[in-house]
Amino acid sequence: MKVHFREQVIPKMLHFGKENKIFKYPVLAFVTGYFACHHVVQSILKERYRYFALTSAVLIFLFSSSFTDPVQTEIFASETVSAEESTEEVLRLSKLPESELQEENLTNTSTVANDQVLIFDENEKEQEPSFDDDWKLILVNKQNMVPSDYSFELGTIRGSIQADVRILDELSQMIDAAKKDGVTLTVCSGCRDYNRQTVLFDKKIRNYMGSGMSYFDAYSIASQAVTIPGKSEHQIGLALDIISNNYSSLNEGFADTEAGKWLAANSDQYGFILRYPLGKENITGIEYEPWHFRYVGQEAAKVITEQGITLEEYVEQIGLR
């Protein structure tokens with residue numbers, strides 16, 4: 001017969017302690033410890049899903065490169081907005097219907113101080129090869145964060161969509177050239193600051209978790225579709241999402257449109273490259289995005305396109321890092 005410890009053994013122990021005063025306090029201590037442990041175990045069993053989520057979050061915090069990178073700590077401190085502003089932005093977006101949310105994701109951008117200039121540490125300059133235009137080749141990905149001292153001047157493409165002012169002339173030339181060939185190109189997303197990128201990344205995680213994924217799985221998959229805040233090229237004003245007047249969806253189908261084909265064939269002439277090509281996901285860490293183009297300058301763009309390589313491979317090839 002199954003012995004019920006709490007109903008049978010505990011009363012006997014208490015009686016024993018009462019009859020034998022020398023064991024009174026040890027018995028009381030044991031019983032108290034038993035009930036405390038029992039309460040903790042029952043609490044964990046009752047809230048096991050919450051404890052599992054908390055444990056997953058702690059593991060992600062400890063092992064994810066986006067949280068353990070010491071440089072990122074500086075980015076968090078320097079770029080975080082007030083909690084009230086962030087909360088209001090998240091609540092506002094969560095109330096938008098899906099169609100408006102997609103438009104919001106594409107068009108809402110933030111600004112960077114126009115009076116700042118690009119700064120390099122003198123010691124770093126001496127250790128790296130000399131490139132007059134090395135700002136064009138800055139590598140930002142999952143392994144390389146936006147430098148804490150990186151800054152630039154913004155120029156307006158249209159409306160609230162902006163980019164590094166130094167790429168606007170060649171971007172305009174590319175759009176005009178495409179138009180002459182009967183192709184209309186439209187930049188739907190340009191520079192996005194750290195806080196804006198955080199809103200988009202968190203939204204993607206919530207979408208995946210809403211379909212039943214754990215936080216860990218949602219975070220992992222979301223990072224392949226939306227770049228982790230602090231490690232997005234959109235933050236340096238050199239990356240653009242480009243669509244056309246007859247195809248506005250950001251998906252792989254854009255590659256088969258006239259605009260997608262024109263960009264793949266001609267963008268290098270104006271200093272732009274297809275940043276996340278098909279078949280290079282293991283190098284870039286990002287899924288195929290035929291709409292995402294990055295400015296690297298005409299010389300680098302020509303080599304990268306002709307050789308069919310990525311910016312990561314080119315930077316390593318020329319020994320810039």
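Predicted model: local features only at pLDDT ≥ 70, side-chain atom pairs only at ≥ 80, totals over all residues.
Residues are numbered from 1 along each chain as its sequence is written, and side-chain values use heavy atoms, with hydrogens and water left out.

I begin with the overall picture. The protein chain holds 15 helices and six strands; helices (H or I, at least four residues) and strands (E, at least two) are DSSP runs, numbered from the N terminus. Of its 321 residues, 39% are buried, where buried means under 20% relative accessible area, exposed over 50%, and partly exposed in between, with a 1.4 Å probe and protein chains only. Contact here means heavy atoms within 4.5 Å. Among contacts between residues at least 6 apart in sequence, 69% join residues at least 24 apart.

I turn now to the sheet. Four strands form an open sheet in the order β3-β4-β6-β5, with antiparallel pairing; two strands pair if DSSP finds at least two bridges between them. Which strands stand at the edges? They are β3 (185–189) and β5 (272–276); each has a single partner strand, so one side of each is left without a neighbour in the sheet. From one strand to the next, the twist averages 50 degrees. Strand β6, residues 289–295, runs antiparallel to β5 and is joined to β5 by four bridges. Tyr 276 has Glu 289 of β6 as its bridge partner.

Two helices accompany this sheet. Helix α9, residues 168–180, packs on the sheet and touches β3, β4 (239–244), β5 and β6, and its direction makes about 135 degrees with that of β3. Helix α12, residues 258–266, lies across β3, β4 and β6 and runs at about 90 degrees to β3. For these angles, axes are lines fitted to C-alpha atoms, for helices over the stretch in contact, and angles run from 0 to 180 degrees between N-to-C directions.

Next, the interior. A nonpolar core is a set of buried Ala, Val, Leu, Ile, Met, Phe, Trp, Tyr and Cys residues joined through side-chain atoms within 4.5 Å. The largest has 32 residues, and those with the most contacts inside it are Ile 167, Met 174, Leu 185, Trp 262 and Phe 272. At least two residues of this core come from each of β2 (161–164), α9, β3, β4, α12 and β6. Helix α9 gives the most, with five residues. Leaving aside residues up to four places away in sequence, Leu 185 touches several others, including Met 174, Ile 242, Trp 262 and Leu 263. A second, separate core has 12 residues, among them Leu 137, Val 296, Ala 301 and Leu 320.

A hairpin also deserves attention. Strand β1, residues 154–158, pairs with β2 in the antiparallel sense over four bridges. Two residues lie between these strands, and Gly 159 takes a positive phi near 55 degrees. Thr 156 stands opposite Gln 162 in β2. Is Gln 162 buried or exposed? Gln 162 is buried, with a relative accessible area of 13%.

Finally, the cysteines. Cys 188 is buried at 2% relative accessibility, and Cys 191 is buried at 1%. How many disulfides does a search of the whole structure find? The search finds zero, a disulfide being a pair of cysteine sulfur atoms within 2.5 Å.
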